[in-house]
Amino acid sequence: MTSGKTGKVSPQDELARKEKLLAFEKIRWAEGFSFVAGVDEAGRGCMAGPVVAAAVIFTDPAKIPSGIHDSKQMTENARMELRELLLAEPSILHAVAEVSAEEIDRINILQATWKAMRLAVAQLPQTQFILVDGNPVKGFELPSQSIVKGDAKSLSIGAASILAKTHRDLLMKDFAETFPQYGFEVHKGYCTAAHIEAVKKYGPCPIHRLSYAPIRKILNPPDKIQPDLFG
């Protein structure tokens, strides 16, 4: 039960929530897969910056931090707080991988997302089974299960979504210092009106994805319709 004054979840309710959100992991643990990695990505829909994937393995369920959820449903402060907790806990194995905008343009965003996920998992050689957010991923060398909206249904995928999102946000803040005219620290590379206007004014920079439609339209505007001279 929650407190009307603070809105905080009671320890009993948080424990019940954790138990529910470990259902997918428990199935695999019961099958003998001791190291189950949750995998998620961030930045797939952006028109600038890398796509980032993270993988997380819980080796001690008793030490999983409270409050893990789909990173998109959390405030930036809450994400950053959980990031620090996840990274500080020795029993939690984690890895992050990036695929650059240049490579996204070369191989397309779907292939780049899959590659980032595979690279993240490859950094955790203990992995025996993979739970991945969204649709099936090609190229995993281990057994896996795709879970639509998995970041809200699995604690390990939710933790991966937090690490991927916060890692990428910090990267975009760094890029904002190098390319201050675009406002990367605000929109993180997504296709906002302000971002598009900045690209129109200054042109794309080295971290823009030139294959994305908003950028292509700026670089190669459609031909203007000629007036009917004989009308």
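Select L22 to begin, which sits in the loop between helix 1 (11-21) and helix 2 (23-30); helices here are DSSP runs of H or I of at least four residues, strands are runs of E of at least two, and both are numbered from the N terminus. This is a predicted model, in which local features need pLDDT of at least 70 and side-chain atom pairs count only at pLDDT 80 or more, while totals for chains, interfaces and linings use all residues. Residues are numbered from 1 along each chain as its sequence is written, and side-chain values use heavy atoms, with hydrogens and water left out.

L22 counts as buried because its relative accessibility is 3%, where buried means under 20% relative accessible area, exposed over 50%, and partly exposed in between (1.4 Å probe, protein chains only). Show its surroundings next: leaving aside residues up to four places away in sequence, L22 touches W29, P61, I64 and L155, a contact being heavy atoms within 4.5 Å. Then turn to I207, which is 185 residues from L22 in sequence and 37 Å from L22 in space, C-alpha to C-alpha.

Now select strand 2, residues 51-58, where eight of eight residues are buried. Both of its faces are covered, with V51, A53, A55 and I57 buried on one side and V52, A54, V56 and F58 buried on the other.

R168 counts as buried because its relative accessibility is 2%. Not counting residues up to four places away in sequence, R168 touches A42, G43, C46, A48, G49, P50, V52, K188 and R209.

The next stop is the largest pocket, which 22 residues line, with D40, E41, A42, R44 and D133 lying nearest its centre. A pocket is an open set of points on a 1 Å grid over the protein atoms alone where a 1.4 Å probe fits, with protein on both sides within 12 Å along at least five of seven lines, and its lining residues have an atom within 4 Å of a point. Strand 1, helix 5 (109-122) and helix 6 are the elements that give two or more residues to this lining, and helix 5 supplies the largest share, four residues.

Finally, zoom out to the whole protein, which has nine helices and five strands. Of its 231 residues, 45% count as buried, and its C-alpha atoms fill a box of roughly 75 × 50 × 40 Å, taken along the principal axes.
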